[in-house]
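Subject: Structure handover

Hi,

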Amino acid sequence: MYLPPHFDRSADAAAIDTLIARDAFVTLVSQRDGAPFATHLPVLARRERGALRLRGHWARPNPQWQDIVGQTVLAIVHGPHAYISPRWYPDALRAVPTWNYAAAHLYGEVALVTDPDALLALVGDLAQRFETGAAPWRLADTEPNVPRMVAGIVGFELTVTRAELKHKLSQNHAPERAAGAIDGLRAEGGAAEAEVAELMALALAARGT
């Protein structure tokens, strides 16, 4: 990832965890037949003795799992993003548009999970994490034949060895420009715009510390 010093938050483990908690639907990238191969999937994240680990699974017909062991893979965590218009700056005629965002790149190696009991636990944990409502679905409540469906998946655990976190939030612009962009994003009224505005406000406030 291109990481100018203004935007680099790689050392902030808590901010990385927050980004994953916000959106755990990641893009997992490996090499297959000499070309990049990507799968989009939900993951569960945890830290053990400071190491970040991601768990998830593929559908068995997905070929990514077949040769992924031993590779350095990349999991992309997608954060909020929004267009920044120069019309929001006090000197609008001296600026050009840009795009602000937060994203993380997590590099590491994958271990496959094929044990049926471990796969059942993984499916149950994913449901526990993402099910909502008054009557959430639980694996334990399903019919006896349902657990056999784990034969159709292959699980993985990614141990992260290097993490890059980028917060591109107008830190390289004058405070007056950043403040104007925050107001402009909030006036747009969208959820993504509001998220980016909040991150920008935090970044702007941090300049005075």
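Two strands count as paired if DSSP finds at least two bridges between them. Helices (H or I, at least four residues) and strands (E, at least two) are DSSP runs, numbered from the N terminus.

Two points on provenance. This is a predicted model, in which local features need pLDDT of at least 70, side-chain atom pairs count only at pLDDT 80 or more, and totals for chains, interfaces and linings use all residues. Residues are numbered from 1 along each chain as its sequence is written, and side-chain values use heavy atoms, with hydrogens and water left out.

The sheet

Seven strands make an open sheet, ordered E2-E1-E5-E6-E7-E4-E3, with antiparallel pairing. E2 and E3 (44–48) are the edge strands, and each pairs on one side only. On average, neighbouring strands are turned by 35° against each other, direction ignored. Axes here are lines fitted to C-alpha atoms, for helices over the stretch in contact, and angles run from 0 to 180 degrees between N-to-C directions.

Some of the pairings in detail:
- E5 and E6 run antiparallel and are joined by ten bridges. Val-77 sits opposite Ala-104 in E6.
- E6 and E7 (residues 153–168) run antiparallel, joined by 13 bridges. The bridge partner of Ala-102 in E7 is His-167.
- E3 and E4 (residues 51–59) run antiparallel, with five bridges. Arg-47 has Leu-52 as its bridge partner in E4.

Helix H1 (residues 13–22) packs on this sheet and touches E3, E4, E5, E6 and E7. The direction of H1 makes about 80° with that of E5. Contact means heavy atoms within 4.5 Å.

The helix pair

H3 (residues 175–188) and H4 (residues 191–206) pack at about 155°, with axes 8 Å apart. They are therefore roughly antiparallel (under 35 degrees is roughly parallel, over 145 roughly antiparallel, 65 to 115 roughly perpendicular, the rest oblique). From H3, the contact includes Pro-175, Ile-182 and Leu-185. From H4, it includes Val-196, Met-200 and Leu-204. The contact residues divide into eleven nonpolar, no polar and four charged. Ala, Val, Leu, Ile, Met, Phe, Trp, Tyr, Cys and Pro count as nonpolar, Asp, Glu, Lys and Arg as charged, and the others, Gly among them, as polar.

Single residues

For accessibility, buried means under 20% relative accessible area, exposed over 50%, and partly exposed in between (1.4 Å probe, protein chains only).

His-167 belongs to strand E7. His-167 is buried, at 8% relative accessible area. Beyond its neighbours within four places in sequence, His-167 contacts Phe-7, Arg-9, Tyr-101, Ala-102 and Leu-199.

Most residues other than glycine have a negative phi. Which residues have a positive phi although they are not glycine? Asp-33 is one of them, with a phi of about 55°. Asp-33 lies in the loop between E1 (25–32) and E2 (35–42), and is exposed at 73% relative accessibility. Ser-170 is another, at about 65°. Ser-170 lies in the loop between E7 and H3, and is buried at 2%.

Ala-92 sits in the loop between E5 (73–84) and E6 (98–113). Ala-92 is partly exposed, at 27%. Not counting residues up to four places away in sequence, Ala-92 touches Pro-86 and Arg-87.

Best wishes
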